Amino acid sequence: ELATLPNVRVLSRTTVFGIYDSREYCAVERVSDHLAHTPEGQPRQRLWKIVAKRAILATGAIERPLVFGGNDRPGVMTASSVSTYINRFAAVPGQRAIVFATSDSGWATALDLLDAGTDVAAIVDPREAANPMAESFRKRGTEVLTGVVTDVAGAPVRKAMVRLVDGRSRTIAADLVAVSGGWNPAIGLGSNLGARPV
């Protein structure tokens, strides 16, 4: 285990926010922000300046939003954000949802929504190949549509307009549109130092 090695310090609850010249990394540690009462003599946060000979940046990925009319209105969220609200905070951000996804991770959010008791009116996916999970969603009352969301109405959202692959249009009532356009690697910190993705 890393914590038992004498030359290793594990900084949990710590985020690197910048990389600078001479391999200098700055990070903020949330020491007691998460506690109801701050322990005596402890700060809320601690700033770390780390100078490292080598570093591994495992910064994850950022979900791509999908662009359509009204995609910046209240009630339109990335699918991963919706899943975070449900699974981390036990809060459902809508009562009737549409999931607009170009990746399978959006389908996982639809499952999270159903399991949380939300009515998932439709999953809209432009990919023509049927997702293996499509039939199980249909059995739970969710429409599975091949097409794209083109617009939403209302602020907060009250309905979404969908263009199907055959050219027909549909309007579906919903107060939440969860979008998933796939994932991009989070390479911003490495790019600050001139690193290029391979």
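So, a nonpolar core here is a set of buried Ala, Val, Leu, Ile, Met, Phe, Trp, Tyr and Cys residues joined through side-chain atoms within 4.5 Å. Buried means under 20% relative accessible area, exposed is over 50%, and partly exposed is in between, with a 1.4 Å probe and protein chains only.

Quick housekeeping. This is a predicted model, where local features need pLDDT of at least 70 and side-chain atom pairs count only at pLDDT 80 or more, while totals for chains, interfaces and linings use all residues. Residues are numbered from 1 along each chain as its sequence is written, and side-chain values use heavy atoms, with hydrogens and water left out.

Okay, the cores. The largest one has 19 residues, and the ones with the most contacts inside it are Phe-68, Val-124, Val-149, Val-152 and Val-177. The elements giving it two or more residues are β6 (96-101), β7 (119-125), β8 (143-153), β9 (159-164) and β11 (176-180). When I say helix or strand, I mean DSSP runs numbered from the N terminus: H or I with at least four residues for helices, E with at least two for strands.

Let's click on Val-177. Which residues does Val-177 touch, leaving aside its neighbours within four places in sequence? With contact meaning heavy atoms within 4.5 Å, Val-177 reaches Phe-68, Gly-75, Val-76, Met-77, Ile-98, Val-152, Val-157 and Ala-160. There's also a second, separate core of 18 residues, which includes Ala-97, Leu-113, Ile-123 and Ala-134.

Leu-113 takes us to helix α2, because the buried residues of α2 are Gly-106, Trp-107, Thr-109, Ala-110, Asp-112, Leu-113 and Leu-114. What covers those buried residues includes α1, β6, β7, α3, β8 and β11. After α2 comes Gly-117, with a positive phi near 90°.

Now zoom in on Trp-107. Rings of Phe, Tyr and Trp (its six-membered ring) pair if their centres lie within 6.5 Å; planes under 30 degrees apart count as stacked, over 60 as edge-to-face, and the rest as tilted. The structure holds three aromatic pairs. In one of them, Tyr-85 and Phe-89 sit edge-to-face, at 6.4 Å centre to centre with 65° between the planes. Those two are four residues apart in helix α1 (residues 79-89), so about one helical turn separates them. Tyr-85 is partly exposed, at 40% relative accessible area.

And Trp-107? Its ring and that of Phe-137 have centres 5.6 Å apart and planes at 70°, so this pair is edge-to-face. Trp-107 counts as buried, at 2% relative accessibility, and Phe-137 is buried too, at 1%.

On to charges. How many salt bridges does a search of the whole structure find? Ten, where a salt bridge is a side-chain nitrogen of Lys or Arg within 4 Å of a carboxyl oxygen of Asp or Glu.

Asp-104 and Arg-127 meet at 2.9 Å, N to O. The pair links distant parts of the chain, with Asp-104 in helix α2 (residues 104-115) and Arg-127 in the loop between β7 and α3 (134-139), 23 residues apart. Asp-104 is partly exposed at 48%, and Arg-127 is partly exposed at 32%.

Next, Asp-115 bridges to Arg-140, with the closest N and O atoms 3.2 Å apart. Asp-115 is in helix α2 and Arg-140 in the loop between α3 and β8, so this pair ties together parts 25 residues apart in sequence. Here Asp-115 is exposed at 55%, whereas Arg-140 is partly exposed at 43%.

Third, Glu-143 and Arg-170, whose closest N and O atoms are 2.7 Å apart. Glu-143 lies in strand β8 and Arg-170 in strand β10 (residues 169-173), so the bridge ties together parts that are 27 residues apart. Also, salt bridges that share partners join Asp-104, Asp-125 and Arg-127 into one network.

Two strands pair if DSSP finds at least two bridges between them. Strand β1 (residues 14-20) runs antiparallel to strand β2 (residues 24-30), and six bridges join them. Thr-14, for instance, has Glu-29 in β2 as its bridge partner. Their hairpin has three residues between the strands, and there Ser-22 takes a positive phi near 65°. β2 also pairs with strand β3 (residues 45-51), antiparallel over seven bridges, with Val-28 partnered by Leu-47 in β3.
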